[in-house]
Amino acid sequence: MPQNLSSERLGAPVNVTWEITDHCNLGCRHCLSADLRRESGGELDRERCETLIDELAALQVFQINFGGGEPFLRPDFMDILRYAQTKGIVTCVSTNGTMLTPELVDELVGMELLFLQVSLDGAQAATNDAIRGEGTFERILEGVSLLSRRSFPDLSLNMVVTSVNFEEIGEFHRLADSFGARTRLSRFRPSGDGSRMWEQYRLSRDQLAWLSGFLGENPGILTGDSFFSLTNADRQTQGLRTCGAARMTCAVGPDGSVFPCAFLCDPAFLAGNVVEESLGAIFENALIMRTLRDLEVEPCQTCDRFSLCNGGCPAVAYFVTDSLGLPDPECLRVAIPGPGIPGPGIPAPGTPVAEHLSAPERAEVA
Amino acid sequence: MKTYHLAPWARARQERFGLLFYDTRSTTMTFVRSGDRLVAPPFDDRAVPLRVVTRSPAEELRVIRVLDGLEAKGLVVAAEPE
Ligand code: SF4
Ligand code: SF4
């Protein structure tokens, strides 16, 4: 029977996250792509976008996750989306939902190979609006209602789980359900503006532990493998159990810059630009891609959960500890220490690493 | 031997270890350690059947078992020989 070989080295990414525009009509406080958009050297024009899609099809990339900014602000976005679909590539669009009109929804409903993910950061207007901006709750749900009324089939509502909306997870799940949408919970990571909000928004150990149990009990909730560092036994057969950056995925910025993943878009992780070099060559050869592929999280090797999370998310580890090759500071063994675990090498979330490691283990640092 | 085609919603690509399948309905992947014994159709011509390259009856049996598993997952569709 087919086996799970997800740690195998692949010849090309399976999916590519493409922040297709640097424009956005909202200013969410935790925007992961805020820095990328600020530093972007413009946008690829439509012809260049189509060339990139041709290349992704030639590489046999299965899926493109379009994000931004807000993709639907780009006047030619629907053409680009259609072009990718004609190549047989599955398209997932992450949108803030505020640009959805009846006409646009009519077009989207007719598309095959399309998944839509609408961001909403709470089940209550006050909670969401405190993060995504005044009045956005209502505007987002208007867009969601349009999709729901037209029975758009592959719809999910996505909430980035923070200390602010944590209490509303159950209510959010029911809200999504009432629109015929699946619930998607994403991990809050200290990337982009998220790094500025880290102390305020990150989850406590108790919240991490609770979330691990909740996800185990609710296998139908989508996470995009965000929370594999918290995976408990109930969920261990689902999804990936290791970081996909530079192995299964990579990210393309609005100007064509390539990074190992959408959460590793710091200049230190710049791998190349598709205007100058093919994405396939960048993925295969760039030093930072090879570094991440070979990354071993040394202090984790003796942990009882290593096979479940392989050290967790290097993006969180990097932005919190300033170093690659250290454990994810929000892993389950930090939230619920096991017998003899964590070892001395595992810092508490947010604690400067140097205070916890007598001899800091530093693997290849970008 | 039956022939096997990719299901209309399935994709497959060749990797060093064998085949990597992708289900467009759920966006899930299936890794198959088939080495060079199963050859995926071209990405842009999914009508071509999967090619089975085996060197012994025992190997053929193993590959058929894998294909049956993939059929149960809805990733390939089997057709009886004409
Ligand atoms: S120490 Fe934490 S990050 Fe490392 S493998 Fe164990 S659970 Fe995962
Ligand atoms: S760096 Fe983190 S967010 Fe990016 S693919 Fe790896 S685990 Fe996922």
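Visitor: Where in chain A is the place of A:G69?

Guide: In this predicted model, A:G69 sits in the loop that runs between β2 (63–67) and α3 (77–86) of chain A. The peptide bond leading from A:G68 to A:G69 is cis, with omega near 15 degrees. Most peptide bonds are trans.

Visitor: What makes the phi of A:S151 worth a remark?

Guide: Most residues other than glycine have a negative phi. A:S151 is a residue other than glycine, yet its phi is positive, near 55 degrees. A:S151 belongs to the loop between α6 (136–149) and β5 (155–161) of chain A.

Visitor: Why is the pair A:R38 and A:D35 called a salt bridge?

Guide: The rule asks for a side-chain nitrogen of Lys or Arg within 4 Å of a carboxyl oxygen of Asp or Glu. The closest N and O atoms of A:R38 and A:D35 are 2.9 Å apart, which is within 4 Å, so the pair is called a salt bridge. Both residues lie in helix α1 (residues 34–39) of chain A, three residues apart, which is about one turn of the helix.

Visitor: How many salt bridges does the structure hold over all chains, and how many does the rule find across the interface of chain B and chain A?

Guide: Over all chains the structure holds 21, while across the interface of chain B and chain A the rule finds zero. Between these two chains, six residue pairs are in polar contact.

Visitor: Which parts of chain B make up the side that touches chain A?

Guide: At least two residues each come from β2 (10–15), β3 (18–23), β4 (28–32) and α1 (57–72) of chain B. The largest share, five residues, is supplied by β2(B). By class, this side of chain B has nine nonpolar, five polar and six charged residues.

Visitor: What is the area buried between chain B and chain A, and which residues of chain B supply more than any other three?

Guide: The buried area is about 2,100 Å², and carbon and sulfur atoms give 64% of it. B:R13, B:F31 and B:F43 supply 35% of the area that chain B buries against chain A, more than any other three residues. The contact involves 20 residues from chain B and 25 residues from chain A.

Visitor: Which residues lie nearest the centre of the second largest pocket?

Guide: They are A:T242, A:R247, A:R293, A:L295 and A:N310, out of a lining of 23 residues. The volume of this second largest pocket is about 380 Å³. Its lining takes at least two residues each from α11 (287–293) and α13 (314–321) of chain A.

Terms used
Residues numbered from 1 in each chain as written. Chains lettered and ligands numbered in written order. Predicted model: local features only at pLDDT ≥ 70, side-chain atom pairs only at ≥ 80, totals over all residues. Heavy atoms only, no water. Contact = heavy atoms within 4.5 Å. Buried area = accessible area lost by both parts, 1.4 Å probe. Polar contact = N/O pair within 3.5 Å; in protein donor to acceptor, adjacent residues only side chain to side chain. Helix = DSSP H or I, 4+ residues; strand = E, 2+ residues; numbered from the N terminus. Nonpolar A, V, L, I, M, F, W, Y, C, P; charged D, E, K, R; others polar. 1 Å grid on protein atoms, 1.4 Å probe; cavity = no way out; pocket = protein on both sides within 12 Å on 5 of 7 lines; lining within 4 Å. Points joined across faces, edges and corners; volume = space filled by probe spheres on them.
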